[in-house]
Amino acid sequence: MSDVLALMDEWGPERVVCVSDARTGMRGVLVIDNTARGMGKGGMRMSPSVTVAEVARLARVMTYKWAGVDLFFGGAKAGIVADPAAPDREAVLRSFVRALSREIPSQYVAGLDMGLTERDAAIVQDELADRGAAVGTPHALGGMPYDELGVTGFGVAEAADAAARHAGTSLRGARVAVQGFGAVGHAAARRLAELGAAVVAVSTARGALHDPDGLDVARLLDLRAEVGDAAVEEYGGRLLDVGAELLVPADVLVPAATQDVIDERVAAGIRARIVVEGANLPTGPAAQDVLAARGIMVVPDFVANAGGVVAAGFAMDARYSPFRPDPDAVFAAVSAKMRENTRTVLAAARSQGTTTHRAAVALAQRRVRAAMELKGRLPRADRSPR
């Protein structure tokens, strides 16, 4: 395990809570990164490979994501070390949230991330007997099921369109490759097709499909609903190895699977002109520098995939309301926020002569720092004179 103290810097994390339960074998962690702009809010993931360092990185992304869209919550993330396909997943999940009952929902409200579904959000509410303990719950419970609605992927596509326009072109007729066909990737592909793009590659854990003339997105979506990841096999045609979809000829690349998939070597081989990060942390600083040096425009993750947090903002506001959030209002807000933030960050990077990630982080940090200063959370020497 990483040294927790080594994870801490001037921004956070403010709190790291590790919990376990011998009866169920549950092990997990909650990281509350920075609450200067509001209480901790972020997704909860379940994976056999979850680590404290991973969750802390993702919590920091959430700090920047909330500040980037200028909504007033703080960064946080939770992770459970477990197989989401295991038969005892519900018992493990219930054990985890019980162990965090002092933090949920007074300091942290759970959301959905890798390995968890809308029904799991309902389980969190049920276990703690509190409708405000989680958001992203099913429509039948009055929630905003933003994974089911595809809000995050919709926002990724809107960011891609804004980036294309910033580059003086259009998504209409553009070739787009999408890595991942899960909650984010499939919704991004659907919206990209609606915007007139030709989706030339998609991938799941079973392999990658590539057709330079464009794939039938509607058929792939139907197959996904029937057979999940096996959609790429059922579609027909020769499958490429997973990862090959990152390197096919395309105008836009959307990595929407998992973190750390684009290193320096992959970045040197990417043939797209625009990269829109649908997943959290798909690139690292070294890869970002390679992409920038090659003149490839990158829309950072916590800008491109922030549609989910905009939807979560609506859901947080409605946690105890008898009225459901209006999906049309959510989609309109996501489109406006994604397009505005994409333009702002791309313009800032150009004017500052830096990478888009550094420009986006600087913007988020200014907003977080302003809140920390106003609340007296900075050392006196770091405060602005009154």
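Colleague: Happy to dig in! In which helix does R89 lie?
Modeller: Please keep in mind that the model is predicted. In this model, R89 lies in helix 2.

Colleague: Which residue has its backbone oxygen 3.4 Å from a polar atom of the R89 side chain?
Modeller: Leaving aside residues up to four places away in sequence, R89 touches M46, D83, P84, G115, L116 and D120. A polar atom of the R89 side chain lies 3.4 Å from a backbone oxygen, and that oxygen belongs to G115.

Colleague: Which residue meets the side chain of R94 in a salt bridge, and in which helix is that residue?
Modeller: The structure holds 24 salt bridges. One of them joins the side chains of R94 and D126, with 3.1 Å from N to O. This pair links distant parts of the chain, 32 residues apart: R94 is in helix 2 (residues 89-99), and the partner in helix 3 (residues 118-128) is D126.

Colleague: In which sense do strand 3 and strand 4 pair, and which residue stands opposite G40?
Modeller: Strand 3 (residues 40-47) and strand 4 (residues 74-81) share six bridges, and their sense is parallel. Within strand 4, the residue opposite G40 is G74.

Colleague: How far apart are the centres of domain 1 and domain 2?
Modeller: The domain assignment gives domain 1 as 4-143 and domain 2 as 151-304. Taken over C-alpha atoms, their centres are separated by 27 Å.

Colleague: Which residues of domain 1 lose the most area to domain 2?
Modeller: The two domains bury about 770 Å² between them, with 54% of it on carbon and sulfur atoms. On the domain 1 side, three residues together account for 54% of what that side buries: R57, V61 and K65.

Colleague: How many salt bridges are there between domain 1 and domain 2, and which helix gives the largest share of the domain 1 side?
Modeller: Side chains of opposite charge can pair when their charged atoms come close. The count between the two domains is one salt bridge. The side chains of R57 and D260 meet in a salt bridge too, at 3.2 Å from N to O. Six residues, the largest share of the domain 1 side that touches domain 2, come from helix 1.

Colleague: Last one: which residue in strand 9 is the bridge partner of Q179?
Modeller: Strand 6 (residues 175-179) and strand 9 (residues 252-255) run parallel and are joined by four bridges. For Q179, the bridge partner in strand 9 is P255.

Terms used: Residues numbered from 1 in each chain as written. Predicted model: local features only at pLDDT ≥ 70, side-chain atom pairs only at ≥ 80, totals over all residues. Heavy atoms only, no water. Pairing = 2+ DSSP bridges. Helix = DSSP H or I, 4+ residues; strand = E, 2+ residues; numbered from the N terminus. Domains from an automatic or database assignment. Buried area = accessible area lost by both parts, 1.4 Å probe. Salt bridge = Lys/Arg side-chain N within 4 Å of Asp/Glu carboxyl O. Polar contact = N/O pair within 3.5 Å; in protein donor to acceptor, adjacent residues only side chain to side chain. Contact = heavy atoms within 4.5 Å.
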